[in-house]
Amino acid sequence: MSAPALTTLGVSHTEIILTSVCALLLCGFLAPFFHNREKFFTSLFFPVIALASFVSFAASFLAVGSGLTENYLISAGLPGLPFHVRLDPLSGFFITVVSLLSFFVSIYSVGYVKTFIGRQPISVIAVFYPLFIAGMIMTLLANDAFFFLMGWEVMAISSYFLVLYEDRNPKNRRAALLYVVMAHVGALSILLSFAVMAGLGGVGQETFQGYTFDAMRSASHTPFWAGVAFLLAFVGFGAKAGVVPLHVWLPEAHPAAPSNVSALMSGAMLKTAVYGILRVTFDILHVSQLWWGELVLIVGLLSAIMGVLYAIVENDLKRLLAYSSVENIGIILVGMGLAMIFYFFHMPLLSALAVTAALYHALNHAMFKGLLFMGAGSVLHATNERNMENMGGLIHKMKWTSAIFLAGALSISALPPFNGFVSEWLTFQAFLMSPSLTSQRLNLLIPLGAALLALTAVLSASAFVKAFGVSFLGQARSKHCAEAHESPWSMRIGMLLPAVVCLLLGVFPSSVINWMSSTSSLLVGETIAKSASGFGWAWLTPVAAQRASYSAPMLLLGIISVLVIVFITLHARKNAIHRVPPWDCGYGGLTPRMQYNSTSFAMPSRLIFGFFFRLKETVKTDLFHKRSPAFPGKMKYSLRVRDRFWGLLYMPVIDAVFRMGKLTAKLQHGRIHIYLAYSFATVIILLLMVL
Amino acid sequence: MNILEQLLTEAMQIALTALAAPLFVGWVRMLKCWSQGRRAPGILQPYRNLLKLFSKDILLAENASWVFRATPYVVFGTILMAGSVIPVISSELPLSASADIIALVALFGIARFFTALAGMDVGTSFGGMGSSREMMIASLAEPAVLMTAFTVSLFSHSTSLSVIVKYVQGLSFFLSPSMAFVFFAFILIMLAETGRVPVDNPVTHLELTMIHEGMILEYSGRHLALMEWAGMMKLFVFSSLGIALFSPWGIASDVAGVPFALLLVALKLTAIGVIVVLIETGMAKMRIFRVPEFLGTAFLLATLGMLSHFMLE
């Protein structure tokens with residue numbers, strides 16, 4: 001399939017996308033002037049952002065479909081280094097993902113942001129929300145290190161202010177601080193990686209030309225320095241993507257932001273980091289060593305399993321979703337790691353299979369995670385509650401939200417016919433192809449990775465049975481949940497559209513793979529598009545029909561027809577339905593507090609995988625009769641689950657920083673003659689060094 | 001085969017799954033009665049139970065939502081769909097191409113997901129307890145399932161069930177160490193996934209031990225009938241999967257071979273019933289937190305199968 005390129009009409013795709021970026025930036029700058037007409041402004045402002053995102057989506061979608069590459073120069077920026085812009089299938093793919101999600105989230109925001117009016121000034125959101133989207137698209141468009149880092153910083157800083165938006169809560173302030181520190185540790189690492197790649201590019205230090213991606217691409221790197229550059233980039237982008245063990249900021253910062261921003265951060269912003277890893281490893285450094293792929297695969301598996309285990313034991317709905325993002329980034333990395341290993345062994349078709357799986361999962365995750373965060377936002381909006389222990393029975397009050405959230409839960413649990421299954425299935429197929437590798441060691445170890453991925457998939461289903469079951473099903477566990485109400489129409493539409501996209505992506509995978517074939521060709525020089533749809537559009541046959549095939553339309557059609565036939569047959573005869581109280585074993589008096597809640601649902605997993613967590617469990621019994629446990633009164637159970645990595649990895653660093661701070665503080669005396677002595681000594685030392 | 005013949009075999013496959021499943025369960029229950037020294041109610045009893053339930057009115061809990069009411073249909077549909085892709089009477093099954101072994105496992109996943117949600121829908125403790133335990137057992141079984149699929153696909157270079165069946169049929173002698181390991185792993189998985197002793201007890205309503213029964217405790221009338229029927233089909237489908245993977249001899253490749261294939265399938269199922277009952281009678285139900293060890297053994301066996309394929313074959 002090759003979509004008609006807009007170039008035939010004499011329009012450049014890049015210019016269209018840049019125009020929408022300018023429109024977004026302009027929105028951000030104009031926003032403060034409307035601070036006293038908030039309601040009118042919100043109804044006008046977010047549709048404009050949605051429109052800009054849609055335009056950018058359409059242009060990049062067509063560009064990827066036709067597989068074109070456009071270079072463009074903006075004569076601004078540093079002297080001697082104008083902004084280099086490049087729209088190729090890789091950046092086009094990620095711009096499509098980011099702007100499509102931004103489009104949905106902006107529609108949702110019309111209703112969602114209005115709920116803040118009267119409680120808090122909305123100008124902060126109005127300024128930084130469009131800047132955030134613009135920053136992501138700028139990052140993806142950049143073709144030199146400076147423009148890339150500029151976009152990266154716009155994205156990081158604007159999201160920092162968005163995380164800080166509800167700053168009356170001290171937890172949010174702490175989350176924002178942690179976020180901005182981690183973002184800059186990551187950015188520093190990326191900067192160093194670019195410096196290594198540019199410095200060894202052979203262009204020389206006199207001009208800035210070495211900092212364009214074109215120069216880095218054509219430069220020849222020694223294996224050692226290529227490895228250093230890869231490692232720095234992987235740490236930097238990994239910190240942004242939230243891979244274990246650099247993930248601790250993610251479950252703090254993503255839930256702290258307003259839900260529309262959480263949706264963008266988890267759905268879109270993490271993908272810019274995935275893009276960065278792909279750009280550096282495949283496009284610039286050409287995967288020259290085997291251990292890169294192995295490292296990415298192992299880190300991916302670790303993130304997937306740790307992310308999902310923490311998601312299962314989490315009681316806060318938004319934190320559960322955030323941990324699940326860690327898991328999904330892990331799955332994407334697993335696909336990328338396999339692609340890198342296959343690429344190293346010169347198996348382009350298998351590499352294309354694995355990289356398609358990773359890209360497909362990136363697209364899927366943007367859709368369903370955006371959708372789920374928006375759903376959590378609707379719940380928050382209706383009940384003012386994030387803790388699942390106080391929810392329950394919302395399906396009766398919020399019919400739309402619950403149905404849409406269920407679609408998202410099915411997608412993320414990798415169940416057919418939704419989209420999550422397609423990408424996980426492709427990843428499994430890539431795993432199953434690993435016996436064709438020539439390395440015995442990898443042959444033995446890679447299948448264990450597949451088993452770990454299978455464990456992750458079902459644990460994630462378990463986490464979402466819990467999330468949906470505890471919050472939406474059963475009986476309301478608190479008064480404000482019993483009085484919940486449905487969200488306004490704009491929010492419902494903003495959630496319904498990605499749910500439809502999730503289903504479409506799941507039912508028509510071969511068309512989607514056709515569309516993204518240019519991206520996989522750019523990365524690994526091969527595509528599975530031809531073989532994937534070789535059996536007809538309804539069948540997905542990644543390598544060959546003999547090897548494996550999957551047909552979502554057939555399964556969907558089959559299940560629906562069985563459903564309809566059974567339903568009609570059974571309803572031909574009228575059996576009455578009597579509504580009765582649920583079975584209470586004859587004791588009477590079932591209360592909502594007797595239901596299984598989030599903590600109890602997770603209990604088996606907590607017990608089996610307990611060594612992954614730092615658990616603190618206490619049971620306290622009030623005794624009626626002093627000292628006699630024979631007559632217990634009220635029992636209190638409390639549980640605290642903490643991230644092991646926090647104590648293992650972060651506290652030592654934080655302590656070390658403070659110790660160093662104290663040491664350097666000894667230099668400070670506040671007396672001017674001591675400072676003069678310091679300067680004098682410095683000058684002498686410098687002179688000695690120069691002479 | 002032409003289109004008409006293909007449609008005919010597919011229709012027979014679906015009919016076999018739906019209609020023979022209660023018979024198979026009746027056989028298993030009858031054997032169990034005999035082995036425990038009780039008189040059996042007859043092999044047709046499951047059909048009578050289903051008919052009785054279909055004609056009854058429904059008692060629906062007050063706060064049951066549409067998820068609760070839709071679940072029986074979804075579960076029945078997905079399990080029947082799973083049955084229709086396993087080539088057990090003919091390897092030329094047209095629907096077989098629409099789901100390979102991984103997609104098949106995912107079909108069971110849909111059924112499990114909805115059953116677990118239905119368990120939580122009414123908001124009683126039993127339902128939630130069943131859902132939580134079911135999801136735990138499923139997540140522990142899954143790595144073993146995948147490892148089994150992996151090893152089987154190592155032989156045939158395919159995850160497509162038809163191709164696996166044809167490949168195994170082509171072997172004159174099929175007893176390799178890796179297949180033996182995987183076969184034992186598969187039996188353990190099958191016991192766990194279909195809720196048999198020692199993991200779950202399908203006949204108990206003793207509150208602290210039930211898993212699957214806990215989730216469907218609130219169902220009645222035609223909803224319960226569909227859930228029960230789907231449970232029977234699940235046992236049947238897993239047995240057919242075992243036949244397709246480990247003993248596919250006699251599975252027809254054209255319409256003329258189908259009657260003979262049916263006969264052979266009946267014989268194999270009879271034997272499987274005996275094996276299941278021998279295991280169930282010989283073992284007691286284990287504590288819920290012993291299940292990880294049980295499924296860990298299954299995973300270990302499957303992994304040994306994979307390793308021995310690489311090392312010995």
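## Chain B: fold and overall shape

Chain B has 11 helices and one strand. This is a predicted model. Read from the N terminus, the elements of chain B follow the order α-α-β-α-α-α-α-α-α-α-α-α. The C-alpha trace of chain B spans about 55 × 45 × 40 Å along its principal axes.

The radius of gyration fits a globule. A compact globule of 313 residues would have a value near 20 Å, and chain B has 19 Å, which agrees. Buried residues make up 60% of the 313 residues in chain B. Among contacts in chain B with a separation of 6 or more, 81% come from residues 24 or more positions apart.

## Helix H4 of chain B

H4(B) covers residues 101–121. Its 21 residues should span 30 Å at 1.5 Å a residue; the end C-alpha atoms of H4(B) lie 31 Å apart, which agrees. Is H4(B) mostly covered or mostly open? It is mostly covered, with 21 of its 21 residues buried. Just after H4(B) comes Gly123(B), with a positive phi of about 90°.

## The contact between the chains

Chain A gives 69 residues to the contact, and chain B gives 68 residues. On the side of chain A that touches chain B, the elements giving two or more residues include helix H14 (394–397), helix H16 (419–432), helix H23 (552–571) and helix H25 (603–608). H17(A) supplies the largest share of that side, 15 residues. By residue class, the side of chain A that touches chain B divides into 49 nonpolar, 18 polar and two charged residues.

Strands also meet across the two chains. S3(A) pairs with strand S1 of chain B, residues 58–61, in the parallel sense over four bridges. Which residue of S1(B) is the bridge partner of Val580(A)? That partner is Ala61(B).

## Domains of chain A

Chain A is divided into domain 1 (1–288), domain 2 (360–571), domain 3 (600–645) and domain 4 (647–690). These bounds come from an automatic or database domain assignment. The C-alpha centres of domain 2 and domain 3 of chain A are 34 Å apart.

Pro652(A) sits in helix H26 of chain A, residues 644–665. Pro652(A) is exposed, with 10 other C-beta atoms within 10 Å. From Pro652(A) to Ala215(A) the C-alpha distance is 40 Å, and the two are 437 residues apart in sequence.

## The hairpin of chain A

S1(A) is strand 70–78, and S2(A) is strand 81–87. The two run antiparallel and are joined by seven bridges. Within this pairing, Ile74(A) stands opposite Phe83(A). The hairpin has two residues between the strands, and there Gly80(A) takes a positive phi near 85°.

How many of the nine residues of S1(A) are buried? The number is zero, so S1(A) lies largely in the open.

Most residues other than glycine have a negative phi, and most peptide bonds are trans. Several sites depart from that pattern. Pro416(A) and Pro417(A) are joined by one, with omega about 5°. Pro417(A) lies in the loop between helix H15 (399–412) and H16 of chain A. In chain B, the bond from Val197(B) to Pro198(B) is cis, with omega near 10°. Pro198(B) falls in the loop between helix H7 (177–193) and helix H8 (212–215) of chain B.

Two histidines carry a positive phi. His286(A) has a phi of about 55° although it is not a glycine. The loop that holds His286(A) runs between helix H10 (259–284) and helix H11 (290–313) of chain A. His286(A) has 12 C-beta neighbours inside 10 Å and counts as exposed. His157(B) has a phi near 55°, also positive in a residue other than glycine. His157(B) belongs to the loop between helix H5 (125–156) and helix H6 (161–170) of chain B. With 18 C-beta neighbours inside 10 Å, His157(B) counts as partly exposed.

How values were computed:
Residues numbered from 1 in each chain as written. Chains lettered and ligands numbered in written order. Predicted model: local features only at pLDDT ≥ 70, side-chain atom pairs only at ≥ 80, totals over all residues. Contact = placed C-beta atoms within 7 Å. Nonpolar A, V, L, I, M, F, W, Y, C, P; charged D, E, K, R; others polar. Pairing = 2+ DSSP bridges. Buried ≥ 20, exposed ≤ 12 C-beta atoms within 10 Å, placed from the backbone. Expected span 1.5 Å × (residues − 1). Rg over C-alpha atoms; globule rule 2.2 N^0.38 Å.
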